[in-house]
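Me: Could you walk me through how to read a few side-chain features in this model? I would like the general idea each time, and then the case at hand.

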Amino acid sequence: MKTKTVLDLLIENQDSFVSGEQIGDLLHMTRANVWKEVDKLRKKGYTINSVRNRGYQYVDNANNLSSAEIRNNMKNSFVEDIRCYDSIPSTNSLAKEMIPDQFKDPFLIATDHQSEGRGRRGRTFYSPSKNGIYISLALVPTLSLEDTQLITIIAAVAVKKALKMLYQLEVDIKWLNDIYLDGKKLAGILTEGEIVLESNQYRYLILGIGLNVFHDSNLPQNLNEIYTSLDQHIKRDIDRNKLIATITDCFFSLYEKFPDNRQTIIDDYRSSCFIINQYIYINQDFSQRFYVKDIDEKGQLIINDKDQNIRTLNSGEVSIQGETHYEG
């Protein structure tokens with residue numbers, strides 16, 4: 001469990017003042033060190049009031065990520081260990097490094113910036129500082145190996161539900177793992193794990209989600225036509241901590257009821273999947289195309305080839321003719 005910080009204590013008690021002495025006693029530091037920590041937070045943009053003989057009171061986070069803020073916005077308590085970073089190479093890579101030998105309790109990593117963000121098939125995921133949410137949720141799946149493959153679909157539905165709940169936005173899903181809004185990519189999901197061959201179960205699974213929140217004025221030219229961000233579609237303040245908390249809540253509310261809610265999840269996913277009734281190419285092989293008929297209860301694509309033979313596809317990258325490819 002992550003050790004509490006001055007910021008954690010201030011957020012947990014934001015309706016009142018907390019004296020430097022109280023904070024020092026709880027965190028085993030001097031009042032002078034408490035003041036230094038508060039000064040660091042103010043320099044990062046946090047608004048913290050201070051009144052002589054009363055102490056400090058948290059007011060505003062200036063949209064900085066905070067484990068205490070994320071936790072305060074969660075309605076469920078599935079994840080207690082939440083860690084936020086200014087910049088790391090990759091949330092999924094760090095999560096892998098943090099998996100203990102005896103892994104049991106889920107944890108969440110969030111960062112303002114990824115220097116080596118990863119997408120599917122070895123691509124990079126564009127992760128400009130403070131412009132998005134870049135998170136990884138590590139857990140031990142309790143599902144069958146076959147059903148564990150549906151976790152990416154559960155996550156996509158969770159993102160869809162969170163955006164509808166917070167911003168009344170209706171998004172589209174591109175099988176298997178991309179979220180689109182008005183024909184442009186808003187978010188991507190990357191699921192990775194390790195299987196124990198003896199038990200045929202996952203030792204761990206890491207669910208990475210990257211979502212574009214604020215438009216990047218330095219957006220690379222090759223992303224202009226396909227990239228979109230939340231703030232281009234809504235005219236209100238966006239709290240990244242609340243968004244992370246809501247996505248996590250939505251995911252676990254669906255995950256804990258699975259597989260009893262399998263049909264509801266598949267129906268919800270299917271209703272938003274815009275490649276159904278479209279011709280697609282698989283893994284950028286443009287020599288043959290397939291027609292998407294449906295999605296089955298396992299989350300697989302049901303497709304027809306040119307000879308009308310029915311096939312199912314449970315992995316791979318699909319694209320529609322003329323579509324630009326990128327991760328970000």
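Me: Let's start with K185: is K185 buried or exposed?

Reply: Buried means under 20% relative accessible area, exposed means over 50%, and partly exposed lies in between, using a 1.4 Å probe and protein chains only. K185 has 1% relative accessibility, so K185 counts as buried. Keep in mind that this is a predicted model, where local features need pLDDT of at least 70 and side-chain atom pairs count only at pLDDT 80 or more, while totals for chains, interfaces and linings use all residues. Residues are numbered from 1 along each chain as its sequence is written, and side-chain values use heavy atoms, with hydrogens and water left out.

Me: Which side chain does K185 meet in a salt bridge?

Reply: Side chains of opposite charge can pair when their charged atoms come close. The criterion here is a side-chain nitrogen of Lys or Arg within 4 Å of a carboxyl oxygen of Asp or Glu. K185 pairs with D178, at 3.4 Å from N to O. D178 is buried too, with a relative accessible area of 8%.

Me: How many salt bridges does a search of the whole structure find?

Reply: The search finds 17. One of them joins D294 and R270, with N and O 2.7 Å apart. D294 lies in strand 11 and R270 in helix 9, so this pair ties together parts that are 24 residues apart in sequence. Helices (H or I, at least four residues) and strands (E, at least two) are DSSP runs, numbered from the N terminus. D294 is partly exposed at 27% relative accessibility, and R270 is partly exposed at 23%. There is also a salt-bridge network that links K160, K161 and D268.

Me: Which residues of helix 9 are buried?

Reply: In helix 9, residues 262-272, the buried ones are R262, I265, I266, D268, Y269 and S272. They cover an arc of only 160° around the axis, which puts them on the same side of helix 9; the arc is taken from the directions from the helix axis to the C-beta atoms. The face turned away from that buried side carries the exposed residues T264 and S271.

Me: What do the buried residues of helix 9 pack against?

Reply: Contact means heavy atoms within 4.5 Å. The packing partners include helix 7 (151-167), helix 8 (240-255) and strand 11 (285-295). Zoom in on I265, which is buried with a relative accessible area of 3%. Not counting residues up to four places away in sequence, I265 touches I153, I154, V157, L254 and F258.

Me: And the aromatic pairs: how many does a search of the whole structure find?

Reply: A pair of aromatic rings is described by the distance of the centres and the angle of the planes. Rings of Phe, Tyr and Trp (its six-membered ring) pair if their centres lie within 6.5 Å; planes under 30 degrees apart count as stacked, over 60 as edge-to-face and the rest as tilted. The search finds 10 pairs. Among them, F78 and F252 are stacked, 4.9 Å centre to centre with 20° between the planes. F78 lies in the loop between helix 4 (67-73) and strand 3 (81-85) and F252 in helix 8, so the pair ties together parts that are 174 residues apart in sequence. F252 is buried, at 6% relative accessible area, whereas F78 is partly exposed at 29%.

Me: Which residues form one aromatic cluster?

Reply: That cluster is made of F78, F251, F252 and Y255.
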